[in-house]
Amino acid sequence: MDEVTRQIMSRRRFLQVAIASGVVVACNPTSIGSTSPSQGGTAPSSGAGGSTPPSGGAISGTVNVTYPDEAGFKPKYVEQAAAAVKSQYSGVDVKIDLQKIGDDDFYTKLLLRLDSGDVPDVIHVGGSLIGELSDAGYIEPLDDYLAGWEDWKQYPKAVQDGVSYNGKTWAIPYGLDMRWLYYRKDDLQKAGLPADWQPANVQGILDAAAAVKSKDAGVLPYALYAGPAGSSGTADHAFVPLLWAYGGELQDASGKWIGDSPATKKVMAYYAKAYGDGLSPKEIITATKPWTAMREKLGNGGLALLFEGGWVYGGWAAADKAATEQNVGYLLHPTESGGPSFTVGGPGTCWYITAKSKNKQAAWEFVKAVNTAEIVGKLNAEDPHPVARTDAADVTEFKSNKYLVDSTKALESARFTIPSPDYPKVIQAIQTATARIAAGELSADDAAKRYTDDLKQAVGADKVTSL
């Protein structure tokens, strides 16, 4: 098992595998996942809207917070929030468990801990995990708390919907995910294209890549993620935006996953063109963590085109701000007809209250404290992401950065992927299908049909349809 597959296993499939093997005994979501906020902690007072208890000791006890951070941006803000809660509620103690490990390793450890007697009150993991954590009964719905939190109005509906599942809200996001179609102005100009290049439609990406290939053998034209090596980027940074660009959907109105369809065939044909014509390098489907090399090459001019996360721009700017601003352009993803263009949004990493928390109300006070407009704005200025709450964009450190303002504005055109517990399995089917077409093993039509079979094997035939 290669490293990327191992990471997918640990972060996305460990829960399902562990349940099947008896390592984790998943709790019934109806008995724990929907536990009322009053269980294990002080309930909100019964005033209109569920107002929070007054300061000065109405809430007491210990709040255990655990989160990963390898980069080191969050600790000072987490400590600031903890101090604010302890200052407001003299009887509350906040214990911080900072894990200086990667998200995948943290999630593997967390799943075991969530099933033990040593369950933290507040956790910090990706919003894409909401479906599987909810179905396992590991997290607490927040709707009763949100009813009494005026700040929730600062979160746009698309953001609120992005952390909702089965009619309930499960997490509070702060720094959102979004993606750009990045392009090197200098590479495109050498290929005869303008510095303010704007593709007329999705075909325009391939046309620009072909122009680069014909003019400069030293520059990779385009990086289109495919196969298991691309990890979740194969779906969220490649297959899914192309599917949407061609007017397709991941699921139909009844919730069935769509396999073979006119849009799916067009996506497979796009992949066949990108790889068959040498516009995207084959190393993407064979290298370990290919995104590392592709991001680096885009930053230094060795790659002309890449649809990637908004968060990677900060690394290029930190290395050479002037050169990045001069040479790296960014656009929304075009569609088959040219517009309306869009970005692929996501809730990013979020704060959750665990279902087994013994002090849920105090945990909620911490979650509020770590998601103030000031903290959200300053944290996302340091670790560049669009802000989840709109008023955080007014924080001086954030609004002075044009790129961050542009990224937040782009979320008005965002489409969010589905927080379904089946989505990780669908990603694996996407990886298998794109690997086949990128390797030249199947025609576009045959690859689309085989994708249907892969989906059926992944999620069950009764959950899959073709159009």
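A pocket is found on a 1 Å grid over the protein atoms alone, as an open set of points where a 1.4 Å probe fits, with protein on both sides within 12 Å along at least five of seven lines; its lining residues have an atom within 4 Å of a point. This is a predicted model, in which local features need pLDDT of at least 70 and side-chain atom pairs pLDDT 80 or more, while totals for chains, interfaces and linings use all residues. Residues are numbered from 1 along each chain, and side-chain values use heavy atoms, leaving out hydrogens and water.

**View 1. The second largest pocket and its centre.** Here we look into about 340 Å³ of space. Of its 15 lining residues, those nearest the centre are Tyr 313, Ala 317, Glu 325, Asn 401 and Tyr 403.

**View 2. Who builds the lining.** At least two lining residues come from each of α13 (313-319), α14 (321-327), β11 (328-331) and α18, and α13 gives the most, with four. Domain 1 (2-32 + 57-173 + 347-416) and domain 2 (179-344 + 421-465) each supply at least three; these bounds come from an automatic or database assignment.

**View 3. The two sides of helix α18 (residues 402-410).** Tyr 403, Leu 404, Ser 407 and Ala 410 are its buried residues (under 20% relative accessible area, with a 1.4 Å probe and protein chains only). They cover an arc of only 120 degrees around the axis, so they share the same side of α18. On the other side, Lys 402 and Lys 409 are exposed (over 50%).

**View 4. The start of α18.** A side-chain oxygen of Asn 401 comes within 3.0 Å of the backbone nitrogen of Tyr 403.

Technical notes. Arc of directions from axis to C-beta. Polar contact = N/O pair within 3.5 Å; in protein donor to acceptor, adjacent residues only side chain to side chain. Points joined across faces, edges and corners; volume = space filled by probe spheres on them.
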